[in-house]
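This briefing concerns the pockets of a predicted model and some of the residues that line them. Please keep the sequence and the 3D view at hand while reading.

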Amino acid sequence: MPTIIDVNAEAAKLTMFRGKTPKTTRAERKGSSTQLGIYRDGLLLLGKSSGTGHWETHPEDELIYVLDGSVVLDIVEDDGPPRSFTIGTGMMVIVPPGAWHRFHSVDGATTMSAVIPGENIDLDVDDPRQVELKPA
């Protein structure tokens, strides 16, 4: 049987979390995000928030679709400074595998993502390449 998800109905159940920081926990964001389901080896996630998330990287690409509002994607490559891209309502972005990235939104956004979880940095840093990762 197929899995059918009414994304708009699920989004209507969520509340906007304002003031997200890299250190914000899932418990603090309760009611502002949900797991829609499992997709392949990863997750389908839906969330509403404003603020700045943590730097993260994933072993596979990540797909993010903006249902409402806008977000800024900061992304770093092997060399050069981080680059920023604005993604608005109705737009999507595919973040390549292994790329350090984070999202932030001043006014808030509702986003859906398909992702295989990976490493993250829960520090408010300008460039994650400057942080030494410790083994798990």
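The second largest pocket is lined by Y39, R40, D41, G42, E60, D61, E62, L63, I94, A114, V115 and I116, and the elements that give two or more residues to this lining are β5 and β8. The space in this second largest pocket amounts to about 240 Å³, whereas the largest pocket has a volume of about 910 Å³.

**Second largest pocket**
- By residue class, the lining of the second largest pocket divides into six nonpolar residues, one polar residue and five charged residues.
- E62, which is one of the lining residues of this pocket, has its place in strand β5.
- R40, likewise among the residues that line the second largest pocket, is found in the loop between β2 and β3.

- E62 is buried yet forms no salt bridge, and the nearest side chain of opposite charge, that of R26, is 9.6 Å away.

- R40 counts as exposed because its relative accessibility is 70%, and exposed means over 50%.
- The backbone of R40 has a positive phi of about 50°, although R40 is not a glycine.

**Largest pocket**
- The lining of the largest pocket comprises 41 residues, and those that lie nearest the centre of the pocket are K20, R29, L45, H54 and E56.
- At least two residues of this lining are supplied by each of β2 (33–39), β3 (42–52), β5 (62–76) and β8 (100–115), and the largest share, ten residues, comes from β8.
- Sorted by class, the residues lining the largest pocket divide into eleven nonpolar, 21 polar and nine charged.

**K20 at the largest pocket**
- K20, which is among the lining residues nearest the centre of the largest pocket, has its place in strand β1, made up of residues 17–20.
- K20 counts as buried because its relative accessible area is 19%, and the cut-off for buried is under 20%.
- Although K20 and G53 are 33 residues apart along the chain, their C-alpha atoms are separated by 6.4 Å.

Terms used
Residues numbered from 1 in each chain as written. Predicted model: local features only at pLDDT ≥ 70, side-chain atom pairs only at ≥ 80, totals over all residues. Heavy atoms only, no water. 1 Å grid on protein atoms, 1.4 Å probe; cavity = no way out; pocket = protein on both sides within 12 Å on 5 of 7 lines; lining within 4 Å. Points joined across faces, edges and corners; volume = space filled by probe spheres on them. Helix = DSSP H or I, 4+ residues; strand = E, 2+ residues; numbered from the N terminus. Nonpolar A, V, L, I, M, F, W, Y, C, P; charged D, E, K, R; others polar. Buried < 20%, exposed > 50% of the residue type's maximum accessible area, 1.4 Å probe, protein only. Lys, Arg positive; Asp, Glu negative; His and termini not counted. Salt bridge = Lys/Arg side-chain N within 4 Å of Asp/Glu carboxyl O.
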